[in-house]
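Work through the exercises below with the model open. Try each task before reading its solution.

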Amino acid sequence: MDLSLNGDQTQILDFIDSLTKPYAGVPMHDTSFALTSDELDCELVQNGFLDVMAVEELGAVTAALVVEKLARLPVSVESAFSALVRPIIDPELPRPICLVEEGRLTGPVRFLKPGASVVVVGANGVRSFTASAEMIAPAQEDTLYAYPVSFLTGLPNDMRKHDIAADEVLRQWRVALAAEAAGLLGAALDSITTYLSERKQFGRPLATFQALRHRLAETQVATNCVYWMALKAAGTGDPADAAMAALLAQEAAKRVGYDYHQLMGGMGMTLEHPMHLWTYRLKLLTAELGGRGGQALAAADAIWG
Amino acid sequence: MDFDWTTEQQAFRQSLKDFLAKNLPEDWEKFSEHGPASPALTRFAREFCGKLADNGMLFPHWPKEIGGEGLGPWEQQILAEEMWIAGEPRGGQYMNVNWIGPTLERYGTEEQKAQYLKPITDGATLWCQGFSEPDAGSDLASLRTRAELKDGNYVINGQKIWTSYAGLADTCFLLTRTSNDRKKGITILLVPMDTPGITVRQIPSLIGEGDIHEVFFDDVTVPESARFGEEGQAWEIIAYSLRNERLGIPRFYLARAALDRAVSILKVRGEFSGEIVRAEAARCAAMCEAAKTACYALVQKRVDGLAIGPESSSARYAVVQSERAVCEFVVEYVPEALAGASPYLKMHHQRGIVAGIASGAAEIQLNIIASEVLELPREPR
Ligand SMILES: Cc1cc2nc3c(=O)[nH]c(=O)nc-3n(C[C@H](O)[C@H](O)[C@H](O)COP(=O)(O)OP(=O)(O)OC[C@H]3O[C@@H](n4cnc5c(N)ncnc54)[C@H](O)[C@@H]3O)c2cc1C
């Protein structure tokens, strides 16, 4: 048992901090629903940050740490599936990576665009194809989610079959979901903490009211738990750990997605404050893989058969 | 980062399991229905802890200089887990080896060490912790039990409440007020429980016979040499000695075992196929696992020689939530457990329901997280 970051991990996280500094701030009065950056994406690829999982001394825990770190940014980059899932399917799959479940093709697909690798997971195994323009229906311009999303119009007839069990991919998908949620939860918590410490009503900061302090403290507990469970699930490769991590991630996301906007009052309804850039990613994550019920049943199967 | 136990750690855990299998009576499960502070368990623990001591398993985590084996925080955690999951056959003596012994070593006079350490390391003595009072619970620093120094003796008057183990304890680690200077006016006295003027009254409770007590002090007189540390040093000493106790009991471990037990009962009855019950059980398991992992992150800090700070309140709160979830699950799906059908689940329930109160209420943990982890501006006083 050793839960300390090793030297390599600390170094990588520090490096990412300095690399992403220019992207850490939110443009004032930005009114977009989702922020993306091709330059950042490019820099991450060039520096190999999305390929750490395959490096023997680094592995899946380091990949989860990278994903957590990147998710904290207001800009959304497709890191979770690339860093944590692609390596077990085919490390050469072109990015971005989009994962979809065979029976659930109607939902918005994150990062879907022409050229993306779409991996379909389900009863027929793990299959993939490269998305072309005619398979994609754009979402409406002002979709609320803080990820770029589009819809699939259908699946091609000939998909490439991968030699890996669907359950394996689902397991790692849950790890990716939890790691990404951990970072989003962490950044959203920082943001709400700052806001409530500064905003005054009744002559004192809102953060001095115990009714609000306790709500924040409870989400701190949940955020910390998701962080550790995501790392553990990455480290053990155990399907029960992965399902439990994803379950807790979705529970926390659901709560935070309501609470943090509520606690900001009218400001929480605006695009002026960046909160939505984290919460409206979290909200979409709550819908993934059948939602909390899906994760809970997967966990029950893994634990008790 | 590595989430697996080393071979040595696994072997250590196995040796504890083997010891327990050999030394717990056949009817232990029924027997351990008696709370950890019950007369029955206290009597049993005296003998059992003696055997642990003979086998080097009573305080292996103490540093070698004070007679331990010098094993690390992970081994201390494993020891705590295996004992707690077995129904804590050490009874109240777990406090001795977790913090009373090491605190005596550090702050005690030679006379106090000579008097108190050997019975602890022999596994033959029971202590109680006289902190809380009727008007000083969460606000411990407002305690009022008075100790006045008169002619070389302290004369104690006042009342303690919720004192675990008091009924059978040999000695009380007692917080008293020696001046009105709030935290700086509190002084520790080590008081033999057979001193005249002490009255112990059991409080009937939901958590088992003989567990919690009121303790009355009427002109209880002890020599000045019973003072532990200096006058007014109590707060500093308990902050130090309870530092490593901040994580508390590994409740998540028993909670998870209780959950597994409940699930196996449901399976036998063919009542574990519905999606709702399965999802609820999984949620409980996830909460136990999360609490465990949050606690382990703090054990790691101890391994790394770092002080455990307010983040322990966060882990503690996760533990409280996991206990609550499992207690509620059992009542909802295996209600007969609390009516005699499963001593083990009843035992868990009675230990589990106090998680959010004993050793610092859950809301106080939230206050600490808000002020010291999130560093929110303080509430006005
Ligand atoms: C099984 C058990 C064993 C115990 N053993 C011992 C022992 O051996 N020795 C000993 O000294 N004590 C012992 N205690 C006492 C324990 O430490 C106290 O019960 C605990 O500190 C809470 O104090 P209280 O019971 O007075 O509750 P109170 O302080 O009256 O609190 C009642 C409720 O109010 C909430 N509350 C209080 N203050 C605040 C605040 N500022 N903000 C928000 N909410 C607040 C609390 O969280 C709680 O929910 C034991 C308790 C139990 C249940």
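**Exercise 1. The largest cavity**

Task: find which helices of chain B each supply at least two residues of the lining of the largest cavity, and describe that lining.

Solution. 
1. Start with the helices. In this predicted model, the lining of the largest cavity takes at least two residues each from α4 (73-85) and α5 (93-107) of chain B.
2. α4(B) gives the most, with five residues.
3. Find the centre. The lining has 16 residues, and those nearest the centre of the cavity are B:A80, B:N98, B:E245, B:G248 and B:P250.
4. Sort the lining by class. Seven residues are nonpolar, five are polar and four are charged.
5. The largest cavity comes to about 190 Å³.
6. Searching the whole structure gives three cavities of 30 Å³ or more.

**Exercise 2. The second largest pocket**

Task: state the volume of the second largest pocket, then work out which helices line it.

Solution. 
1. Take the volume. The second largest pocket has about 780 Å³.
2. Locate the centre. Of 34 lining residues, B:R283, B:M287, B:Q321, B:R324 and B:A325 are the closest to it.
3. Assign the helices. Chain A brings α6 (210-236) and α7 (239-263), and chain B brings α9 (275-303) and α10 (311-333); each supplies at least two residues of the lining.
4. Pick the main contributor. α10(B) gives the most to this lining, with eleven residues.
5. Count the classes. The lining holds 20 nonpolar, three polar and eleven charged residues.

**Exercise 3. A helix pair in chain A**

Task: describe how the axes of helix α3 and helix α5 of chain A cross. Is the crossing left-handed or right-handed?

Solution. 
1. A packed helix pair is described by the angle between the axes and the distance between them.
2. Read both values. The axes of α3 (residues 59-71) and α5 (residues 166-198) of chain A come within 6 Å and cross at roughly 40°.
3. The crossing of α3(A) and α5(A) is right-handed.
4. List the contact. α3(A) uses A:A60, A:A64, A:V67, A:E68 and A:A71. α5(A) answers with A:Q172, A:A176, A:A179, A:E180, A:A182, A:G183 and A:L184.
5. Sort by class. The contact of α3(A) with α5(A) has eight nonpolar, two polar and two charged residues.

Key. Residues numbered from 1 in each chain as written. Chains lettered and ligands numbered in written order. Predicted model: local features only at pLDDT ≥ 70, side-chain atom pairs only at ≥ 80, totals over all residues. Heavy atoms only, no water. 1 Å grid on protein atoms, 1.4 Å probe; cavity = no way out; pocket = protein on both sides within 12 Å on 5 of 7 lines; lining within 4 Å. Points joined across faces, edges and corners; volume = space filled by probe spheres on them. Helix = DSSP H or I, 4+ residues; strand = E, 2+ residues; numbered from the N terminus. Nonpolar A, V, L, I, M, F, W, Y, C, P; charged D, E, K, R; others polar. Axes fitted to C-alpha atoms, helices over the stretch in contact; angles between N-to-C directions. Left-handed = near helix turned anticlockwise from the far one by under 90°. Contact = heavy atoms within 4.5 Å.
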